[in-house]
Amino acid sequence: MDNKQIAYIPLAKDKDLDKLIEEVGSARIVMLGEASHGTSEYYTWRTAISKRLIQEKGFQFIAVEGDWPESYAVNRFVKGYQNSGSKIADVLQVFRRWPTWMWANWEVAALMEWIRDVNHLRTTEQKVGFYGLDVYSLWESLEQVLKYLEKNDGQALEAARSAMNCFEPFNRDPQEYARASAFVRTDCQDEVISMLQRIIKSPMHTGDREYDFNTQQNAIVAVNAEKYYRAMVQGGAKSWNVRDTHMMETLDRLLELHGPDSKAIVWEHNTHIGDARATDMTDDGMYNIGQLARERYGNEQVKLVGFGSYQGHVIASKSWGAPMQKMEVPPAKPGSWEDILHSINEENKLILSKGLKHIEEIAQRRIGHRAIGVVYDAKFEAYGNYVPTVIPDRYDAFLYFDETDAVHPLHMKPRGTQEPELYPWNY
């Protein structure tokens, strides 16, 4: 293949994003990926894109691959709600679940400060939000539901307490619950569903529409988290699909909350936002939020932007729950997508997928595309860190960085380090 056929825009400053912003057009959803959860450039360039989408295109919120309760605390901070905190570094301490560095980092802190400043000049309805799409926060979400109902709705409180009591024997450990449900015919599915049904039927009028929405969302998280943890111990694609279905449904609910003209920015790993149908994930019966969004809203309304790099450093861990480390990322595997881009030259690049459609070797075959999870060991990279991908079908655009640095974490002692590993690659 003649790599010089690949058209690209040198990427050095915000102005170089003009063609990407033009490509977004009137899309309602823009999903911004990352090839790892610990690379500074992915965060800073997603920030640059997000700022322009908010300022120039009227996007109203950012939804991330993070837990709902913790992200909602940050949302209240950026919107300037009473008693929501005064310093973002303090507010980000809510992200105590391992891996803490994903959202408790200085790159995120800088963006949240910027959003808070922007929101100072906006009405309540116009303020930019920040939300979590993920499904892990079983106990935290149950606790949030109980706190709300104790103050506002005694009718549904009994159902919520029944759900919490069902989980109590498992010591707040999802792995223990998952294993128990796999080997003993007992689970808490009926309890969490009953709780959700009571909450949905109950009138919720505290005068804070988003606060009421938060309670319903926590109840939905509890239902889907219970389903996720039970599915995970069974292996296969089911738990992955439960998780991404939940994230898609949460995004739908957020768009509905913000109105018919609302627009969303999504930050997640490439394995979630890049259309699964263009990878070998679909061979295993897996789908993801990028695919589901395209199917629901159409390709013109959903723009998927991938990220990747050739070499550098990353924050990750050697095993699940282990201390985070700054690790070296070696040069990309020969013949991989990242290696192809590096072979052109060492410039950072913005590539629009419509400019790849005429290159048969890229447009019609799967090429290995690097993916690094929160658990990483460079010694084994060639055996499990490359996702076979038809690049122009998976993304609408791609940001490539020749050499990257690690994200800058807020150093905190994590909790929940015994949580079971995510299927299948810790993404």
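Me: Where is the limit for calling a residue buried?

Reply: Buried means under 20% relative accessible area. The model to which this limit is applied here is predicted.

Me: What makes helix α14 mostly covered?

Reply: Six of the eight residues of α14, which spans residues 337-344, are buried. They are W337, E338, D339, I340, L341 and H342. Each of these six therefore lies under the 20% limit.

Me: Why is α6 called roughly antiparallel to α7?

Reply: The axes of α6 (residues 138-152) and α7 (residues 154-167) cross at roughly 155° and come within 9 Å. Angles over 145 degrees count as roughly antiparallel, so α6 is roughly antiparallel to α7. The crossing of α6 past α7 is left-handed.

Me: Which residues meet where α6 contacts α7, and how many of them are nonpolar, polar or charged?

Reply: From α6, L138, W139, L142, E143, V145, L146, L149, E150 and N152 take part, and they meet G154, A156, L157, A160, R161, A163, M164 and F167 of α7. By class, this contact holds 12 nonpolar, two polar and three charged residues.

Me: Which members of the largest nonpolar core touch the most other members?

Reply: V74, M112, W267, F307 and L399 do so, in a core of 56 residues. Leaving aside residues up to four places away in sequence, V74 touches I88, V91, L92, F95, M112 and F130.

Terms used. Residues numbered from 1 in each chain as written. Predicted model: local features only at pLDDT ≥ 70, side-chain atom pairs only at ≥ 80, totals over all residues. Heavy atoms only, no water. Core = buried A, V, L, I, M, F, W, Y, C linked by side-chain atoms within 4.5 Å. Buried < 20%, exposed > 50% of the residue type's maximum accessible area, 1.4 Å probe, protein only. Contact = heavy atoms within 4.5 Å. Axes fitted to C-alpha atoms, helices over the stretch in contact; angles between N-to-C directions. Helix = DSSP H or I, 4+ residues; strand = E, 2+ residues; numbered from the N terminus. Parallel < 35°, antiparallel > 145°, perpendicular 65-115°, else oblique. Left-handed = near helix turned anticlockwise from the far one by under 90°. Nonpolar A, V, L, I, M, F, W, Y, C, P; charged D, E, K, R; others polar.
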